[in-house]
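Please read it alongside the sequence and coordinates.

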Amino acid sequence: MIDGFQKGALESRLGVPIFYGTDAIHGNNNVWGATVFPHNIGLGATRDPDLVRRIGSCDSSKPGHVDLNMLLLLVLLLRKILDGEDFTRPPEGHPYGYPYVAGRNYVMASAKHFVGDGATENGTNEGNTIATHDEMFNIHLAPYIDCIAQGVCTVMASYSSWNGDKMHSHRYLLTEVLKDKLGFKGLLISDWEALDRLSDPHGSDYRQSIKSTINAGIDMVMVPFRYELFLEELLSLVESGEIPMTRIDDAVERVLRVKFVAGLFEHPFTDRSLIDLAGCKCGGCTVTWTGLSGRITVGTTIMDALREVLGNKTEIVFEPNPTPETFASQDFSFAIVAIGEGPYCETGGDDPELKIPFNGTEIATFVADRVPTVTILISGRPMVIEPSLLEKVDAFVAACCSGTEGAGITDVLFGDYPFQGKLPVTWFKTVD
């Protein structure tokens, strides 16, 4: 598919190759059989920047085991494992400030979502970040300074707002700060269908949305549906002078710079030597945008891993909904109760209560009243844990969205490796 797109681009009048982008949030989660790593909250718990770097290297050298050009993977809500630098300090780490691509087997990374989308009011997706100038720069901008210093070549703007002003049309942050003050030489890309979100009703003033985003500094726009209208209005805005030609020249220069440095002109087609198999799964942005339950890709469940570790000499009873009859007919030594939330993504995961779904608390409590119990919580965020549950269970494991190669959980559960992770965020007592 990608080579087909590329062939068409190279046969066009200018013959400029395209780059193909994918949301590789935790591995190339869109491809069957590709390695899917734990979500960022789990990686943050490791407090191990070198491990995260090696995972990023694996993502970039074999993204889904097909040769892609661009990964939209650096979601900078995880500032806990990234070093923050003072805002006024200029970027260092790469000569000439050019985008960093370390050879043919690597790809272009994207840092997102610029900026502050992890601090929206009430945690609402695409919401409003209420913050002072110092808070925005000292807390939320700091990871981007580090990424730019290491040569990240694209930055994606956020759907969110800063003190009521939409980030996609925020010229001060996109151009004056990111491009001018921080010296970012790569390209700024919009989020998916972001232009439609700038007007109310949705998509009602498309021309103004195009004008405000391009003039604010967006260099490349993700337009999934209204591309014909976008091209028509963009051309009209340039011809009328409402978008200056110098702005278009800047965008073209940035896009071409990234493509030249990435080696796309020399190697436009996929490298099929990178194709192989691997596997695991878990959470949203896995195979589909929101993720799915069940065996949606290659990998091992916690149950698979338990059977591998315990072997045939230990009887394992799997009961999704244990009842008093379950315990009346069996003499159990201990129980492992896995509870948690289903996969979700973005707005679909907004939850003001954060109670453990599927009667998770009730099931774990019921079992712990009858047999020594280890409870494993699978979740993409802290959830409300009732004090009564913690009092009853013998151990409680926050496994986050573990990726689930199930052996990663049983390795520590049975003592082959020690528990070393620390909570990447403060675990609240109540949502209040």
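1. In this predicted model, an open sheet of 3 strands has the order β4-β6-β7, with mixed pairing. The edge strands, β4 (128-129) and β7 (165-166), each pair on one side only. Strands here are DSSP runs (E, at least two residues) and helices are DSSP runs (H or I, at least four), numbered from the N terminus; two strands pair if DSSP finds at least two bridges between them.

2. Strand β6 (residues 161-162) pairs with β7 in the antiparallel sense over 2 bridges. S161 is placed opposite K166 of β7.

3. As to conventions, residues are numbered from 1 along each chain as its sequence is written. Local features need pLDDT of at least 70, side-chain atom pairs count only at pLDDT 80 or more, totals for chains, interfaces and linings use all residues, and side-chain values use heavy atoms, with hydrogens and water left out.

4. Strand β10 (residues 373-378) pairs with β11 over 4 bridges in the parallel sense, and L377 has A398 of β11 as its bridge partner.

5. Axes are lines fitted to C-alpha atoms, for helices over the stretch in contact, and angles run from 0 to 180 degrees between N-to-C directions.

6. How do helices α4 and α5 cross? The axes of α4 (residues 133-140) and α5 (residues 142-149) come within 4 Å and cross at roughly 45°. The two helices are therefore oblique to each other (angles under 35 degrees count as roughly parallel, over 145 as roughly antiparallel, 65 to 115 as roughly perpendicular and the rest as oblique). F137, N138, I139 and H140 of α4 make the contact with A142, P143 and Y144 of α5, contact meaning heavy atoms within 4.5 Å.

7. The structure holds 5 cavities of 30 Å³ or more. A cavity is a set of points on a 1 Å grid over the protein atoms alone where a 1.4 Å probe fits but cannot get out; lining residues have an atom within 4 Å of a point. Residues lining the second largest cavity include I41, R381, A398 and W427.

Conventions:
On a 1 Å grid over the protein atoms alone, a cavity is a set of points where a 1.4 Å probe fits but cannot get out, and a pocket is an open set with protein on both sides within 12 Å along at least five of seven lines; lining residues have an atom within 4 Å of a point. Grid points are joined across faces, edges and corners, and a volume is the space filled by probe spheres set on the points.
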